[in-house]
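Student: Let's go through this model by question and answer. Keep it brisk.

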Amino acid sequence: MARYGIAILPLVKAIEKSGVTQKWYADDGSVSGDLNSIKDLFDELQDIGPAFGYFVNPPKCQLIVKDRHKTKAETVFTGTNVEIVSGTRVLGSHIGDESTCTEYRDQCVKTYTAQLQKLSRFAKTSPQNAYACLTKGVQSKMTFLSRTTPNMAQQAFQNIEETVQNDLLPSITGFIPKKEERELFSLPLRQGGLNIILPDDRNGDYEWSIAVSNPLKKPETAENVQQQVIASINSEKKILLDHKKATVQNALDEELKYATQLASEKGSSNWLNAIPLKKYNFDLTKREFRDGISLRYARPLTNTPSLCPCGKNFSTTHALHCPKGGYTQIRHNEIRDTFANIMKEVCFDVEVEPHLQKLDGETFSSNSTTTEDEARLDIKANGLWESRFSRTFFDVKVFNPLAKSCPRILNDAYKYHESLKKNKYEQRIIDVEHSSFTPLVFACTGGAGPSATKTIKQLASKLSTKKEEPYPDVISYIRTKISFALLRSCVLCLRGCRSLKKAPAVENSCDAIVQEGRLHLPQL
């Protein structure tokens with residue numbers, strides 16, 4: 001497409017005329033100006049276009065004029081087979097009078113309503129795919145329309161919102177959202193929402209689009225002026241978004257407000273932002289996706305037992321830290337292995353669950369420092385922070401921020417769990433191993449502690465340098481891998497089978513069973 005645009009520039013320059021403005025998108029050309037000038041340009045384009053490989057097809061050309069100029073237009077363009085209209089679709093939007101613009105808006109409403117209804121049916125079996133189609137597909141088309149078509153947000157999208165709220169959202173999330181939840185869902189992912197936009201969020205799109213486009217009338221100053229306009233618009237958008245977030249937060253109860261705070265942490269929403277590609281293991285089942293949404297917004301899960309096999313009442317909070325079934329250990333190991341695999345790309349001598357050296361009379365000033373002979377950590381790697389010979393030990397902790405014992409101020413929660421790890425291992429690692437120690441603390445909802453965040457950034461920096469790929473892409477990939485690992489392991493904690501009694505699959509040795517049961521087949 002870009003090459004075609006460059007190739008057609010000589011033709012555009014050749015037919016350039018004063019009083020006529022040209023606009024080209026590949027081979028689709030548009031001009032504006034007085035009728036006689038447009039007719040002269042049209043004739044010249046027919047004459048010299050073939051020499052450039054461009055052939056005009058008059059029946060496919062349309063001349064948009066106001067009703068009071070229609071008679072003159074018919075006279076000027078007599079015999080050209082050009083269609084003269086009051087309005088028509090141009091490059092995905094509409095140009096023309098209000099009546100034809102209204103018809104176009106009505107047609108858009110019918111089209112997108114039908115698409116969203118079809119997406120609602122699809123969402124019942126594939127909610128993750130439907131969510132990706134909505135946020136990365138349909139909404140992008142609607143944003144283009146709101147930026148290029150007048151009164152689109154105020155009139156057309158209000159009708160479409162009914163389909164979103166009544167059909168699509170319940171199919172995606174598995175529940176009917178309340179009014180305050182719908183407002184919350186319209187916030188960006190980084191602010192704890194789902195980025196499912198409300199019509200009112202588009203109210204300024206058309207005016208902002210005009211403001212950004214106006215500087216292009218003067219090419220010599222367009223770039224500088226346009227950057228200033230964009231900066232001003234972004235500042236205005238930020239003020240509006242901050243005001244909206246505050247309004248939404250004030251309408252939430254304390255539990256949902258805290259859940260939104262957890263969902264706003266960096267890394268908590270990467271699983272929602274990813275397209276569900278199976279080859280990268282980014283695809284989720286419908287239960288995993290809906291459980292992830294329910295966990296994100298502190299919604300009760302469906303089809304869960306009333307009693308946990310450990311004897312306590314079953315709840316989301318309890319299931320996330322109940323050791324019965326070993327699922328919390330699986331969650332821990334999943335994060336450990338994710339980091340270890342990435343470290344193997346950029347570090348040296350990476351080892352999982354390395355043993356610490358046994359003590360030979362060494363003592364420590366802190367009583368909390370471990371002195372066990374069999375002490376071991378989760379990962380050991382060389383060369384992450386300094387030279388390739390600088391050794392660092394890592395230990396993973398995934399805590400449940402919904403637990404009653406967890407501090408409600410997240411920074412305090414991360415510092416608390418990091419200090420527990422440092423008090424237990426750091427002095428021994430420094431004094432005996434002559435190495436450094438980094439605790440990798442995560443909330444099971446997706447957030448990372450300060451030390452884990454620094455480790456992710458350092459890994460991304462080294463991996464970016466090694467693979468010669470952009471740093472933002474690399475760190476986004478790492479955070480997405482961690483996000484999916486935490487989500488899947490949390491869903492396993494919530495849905496995994498915790499049987500009351502595990503009967504051994506093989507009650508005796510296989511050899512004894514074969515001999516006693518005479519299971520050997522006779523030799524022929």
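Student: Where is the place of Ala298?

Tutor: This is a predicted model, where local features need pLDDT of at least 70, side-chain atom pairs count only at pLDDT 80 or more, and totals for chains, interfaces and linings use all residues. Residues are numbered from 1 along each chain as its sequence is written, and side-chain values use heavy atoms, leaving out hydrogens and water. Helices are DSSP runs (H or I, at least four residues), as are strands (E, at least two), numbered from the N terminus. Ala298 sits in the loop between α13 and α14 (316–319).

Student: Is Thr88 buried or exposed?

Tutor: Thr88 is found in strand β5 (residues 87–90). Its side chain joins that of Gln62 in a polar contact of 3.0 Å (a pair of N or O atoms within 3.5 Å; within protein, one must be able to donate a hydrogen and the other to accept it, and residues adjacent in sequence count only if both atoms are side-chain atoms). Buried means under 20% relative accessible area, exposed over 50%, partly exposed in between (1.4 Å probe, protein chains only). With a relative accessible area of 15%, Thr88 is buried.

Student: At what angle do the axes of helix α6 and helix α9 cross?

Tutor: Axes are lines fitted to C-alpha atoms, for helices over the stretch in contact (heavy atoms within 4.5 Å), and angles run from 0 to 180 degrees between N-to-C directions. Thr143 is one of the α6 residues that meet α9. The axes of α6 (residues 127–148) and α9 (residues 205–213) come within 6 Å, and they cross at roughly 70°.
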